[in-house]
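Please keep the sequence and the structure in view while reading.

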Amino acid sequence: MWTIGFIGLGVMGAPMADNLVKAGFDVVGHTRRPGGTDRLVAAGGRAAGSVAEASRGTDAVITMLPDSPDVTSVVLGADGVLMHADPGTLIIDMSTVRPQTARLIAAAAGDAGLAALDAPVSGGEQGAIEAALSIMVGGALADFERARPVFEALGSTIVHVGPAGSGQIVKAANQLVVAGTIELVAEAIVLLEASGVDPGRGLEVLGGGLAGSTVLARKGTAMLDRRFKPGFRVDLHHKDLGIVLDAARTAKVALPVGELVAQLMEAVRELGNGHLDHGVLLRGVEHLSGLNR
Ligand code: NAD
């Protein structure tokens, strides 16, 4: 069984690291948050005091960090993964970052005699806990096959989607669809409530028809109840929509609804909701409708 360094034990990383331990991997975790490795140690993993310690003597290093600059500094920085990992180590970045960042890391890893995969995920905290994530993987096919047992311990839909950076492009498409769908569920709730129709019953029947979706099933009730504890923070989805629009410009395509949803996400963020779950797009619809509660 591989020894896996795991850097970034947050909402997603902590349950993912637990699942690797459960699957029998030797997991050595590091995260910036004080006390952030306690859970992993209780689950049977090991704590590392630094990126260097989580990188040395491993077969693979997984990063699950907030944003592109975090991944760049942790992997490529002066005291980063590339400086300390053994030749042949596989770097698997599972964060959502810019495709350019994934390509940069793959090239630098190759130059240093290591290999890298971009393997962002979808399925949220629940998917991470249940080891039911969708994992979209970019990089060399042989490296993907090498890492397959790792992915199988974390997810249920595991697809190699192309060369380095492709996983992040697919993830951008995912975030576009999720943001747009949440916005429309929010608008549906506001319409139902303002029209005097029981919104719970309304959503129940929507869920059984063509309007049904995983977003509606997983988030509808919490949105109705105005429960916005993350889950997935607006700040992170705002970051992801920046990646979507950047990718659209690079690919020279127009994504008009994506542009609009990015503006709406920006607006709820500026209204002070950045730390809340993205279901809080509902508050933006209420705000636009003069229905602030
Ligand atoms: P989070 O903020 O909860 O966790 C990030 C962790 O990284 C924190 O524990 C932080 O201490 C640690 N960290 C940050 N910089 C570090 C550094 N330099 N060295 C060591 N540790 C460092 O974020 P999250 O919700 O777990 O998301 C992680 C990534 O996964 C993001 O890119 C996000 O977009 C993506 N993602 C999140 C979800 C979700 O539902 N939360 C779903 C899919 C993908």
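The centres of domain 1 and domain 2, taken over C-alpha atoms, are separated by 28 Å, the bounds being 3–163 for domain 1 and 169–288 for domain 2, as given by an automatic or database domain assignment. This is a predicted model, in which local features need pLDDT of at least 70 and side-chain atom pairs count only at pLDDT 80 or more, while totals for chains, interfaces and linings use all residues. Residues are numbered from 1 along each chain as its sequence is written, and side-chain values use heavy atoms, with hydrogens and water left out.

The contact (heavy atoms within 4.5 Å) takes 16 residues from domain 1 and 12 residues from domain 2. Buried area here is the accessible area (1.4 Å probe) that two parts lose on being put together, summed over both.

| Feature between domain 1 and domain 2 | Value |
|---|---|
| Buried area | about 1,100 Å² |
| Share of buried area on carbon and sulfur atoms | 60% |
| Salt bridges | one |

Of the area that domain 1 buries against domain 2, T96, P99 and M136 supply 35%, more than any other three residues. A salt bridge (a side-chain nitrogen of Lys or Arg within 4 Å of a carboxyl oxygen of Asp or Glu) joins the side chains of R98 and D246, at 3.3 Å from N to O.

Leaving aside its neighbours within four places in sequence, Q168 is in contact with residues including T96, V97, R98 and P99, and a polar atom of the Q168 side chain lies 3.2 Å from the backbone nitrogen of V97.

Key:
Polar contact = N/O pair within 3.5 Å; in protein donor to acceptor, adjacent residues only side chain to side chain.
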